[in-house]
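This report goes through a structure step by step. Keep the sequence and the 3D view open while reading.

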Amino acid sequence: MEAFRKKLERRVKLYALVGALFSIMIIVSVRVFKNANDYSQGTALGFCCGSCGVYLFMLLKNAAVLRDEEKLRRLYIETTDERNIAIAKETMSTSYAVSMLVLVAVCVISGFFSETVSLTLGAVIIVLAVVRLSAGIYYKRKM
Amino acid sequence: MKNRIQELRKGRKVTQQELADALNVTRQTIISLENGRYNASLVLAHKAAQFFNMTIEEIFIFENEENL
């Protein structure tokens with residue numbers, strides 16, 4: 001339980017750091033890239049603002065948990081519950097398979113309309129496959 | 001895999017939440033265990049056996065399963 005508390009404290013610090021980084025990126029998007037086209041600036045700003053909001057929410061939520069022993073115990077049980085862990089693993093596995101199928105289908109179909117979009121999706125598929133393969137090799141050696 | 005968790009729990013007048021707290025799992029896990037929808041890991045089976053002061057074989061009923 002103490003190890004979990006320390007892990008949560010490190011996580012809160014990480015959320016604060018990442019939130020601060022995204023805040024800096026907001027300023028950079030507005031000041032440095034003010035001459036960029038609307039879409040690029042809008043995408044960057046929207047993504048940074050959204051991410052900042054999410055990390056701020058996670059920071060406040062976890063900080064509140066650290067102050068309350070009962071909430072900390074509940075979160076510890078939720079996080080380490082073996083059924084929840086099994087559900088998360090199955091969800092990730094199924095999501096990956098379905099996402100890859102959809103990406104491949106969209107990549108092929110978009111090839112009839114836009115080469116750029118098709119090539120971009122193809123690159124995404126390759127990156128995801130390489131990451132998955134690397135993770136598989138890593139865990140096979142580790143376990 | 002079938003088990004006697006619900007029967008043993010009710011026999012000792014323990015609620016699902018109390019059993020969940022004792023085994024450090026969520027109440028949903030206890031519900032799924034009792035319904036046979038989820039198979040406990042060795043660690044959880046051992047904790048349950050210690051809680052009820054019985055052996056794992058007395059709580060969990062091993063039938064002829066293909067996985068075994």
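## Where the chains meet

Across the interface of chain A and chain B, the rule finds five residue pairs in polar contact, both residues at pLDDT 80 or more. A polar contact is a pair of N or O atoms within 3.5 Å; within protein, one must be able to donate a hydrogen and the other to accept it, and residues adjacent in sequence count only if both atoms are side-chain atoms. On the side of chain A that touches chain B, α3 (69-80) and α4 (82-110) of chain A each supply at least two residues. The most comes from α3(A), with four residues. Helices (H or I, at least four residues) are DSSP runs, numbered from the N terminus. By class, this side of chain A has one nonpolar, one polar and six charged residues. Asp, Glu, Lys and Arg count as charged; Ala, Val, Leu, Ile, Met, Phe, Trp, Tyr, Cys and Pro as nonpolar; and the others, Gly among them, as polar.

The model is predicted: local features need pLDDT of at least 70, side-chain atom pairs count only at pLDDT 80 or more, and totals for chains, interfaces and linings use all residues. Residues are numbered from 1 along each chain as its sequence is written, chains are lettered from A and ligands numbered from 1 in the order in which they are written, and side-chain values use heavy atoms, with hydrogens and water left out.

## Contact and buried area

Eight residues of chain A are in contact (heavy atoms within 4.5 Å) with 13 residues of chain B. The area buried between the two chains is about 880 Å², and carbon and sulfur atoms give 44% of it. Buried area is the accessible area (1.4 Å probe) that two parts lose on being put together, summed over both. In chain A, the residues that lose the most area to chain B are A:I77, A:E82 and A:R83, together 61% of what that side buries.

## Salt bridges

A salt bridge is a side-chain nitrogen of Lys or Arg within 4 Å of a carboxyl oxygen of Asp or Glu. B:D21 and A:R74 meet in a salt bridge through their side chains (3.5 Å, N to O).

Another salt bridge joins the side chains of A:R5 and A:E69 (2.3 Å, N to O). This pair links distant parts of the chain, 64 residues apart: A:R5 is in helix α1 (residues 2-31) of chain A, and A:E69 is in helix α3 of chain A.
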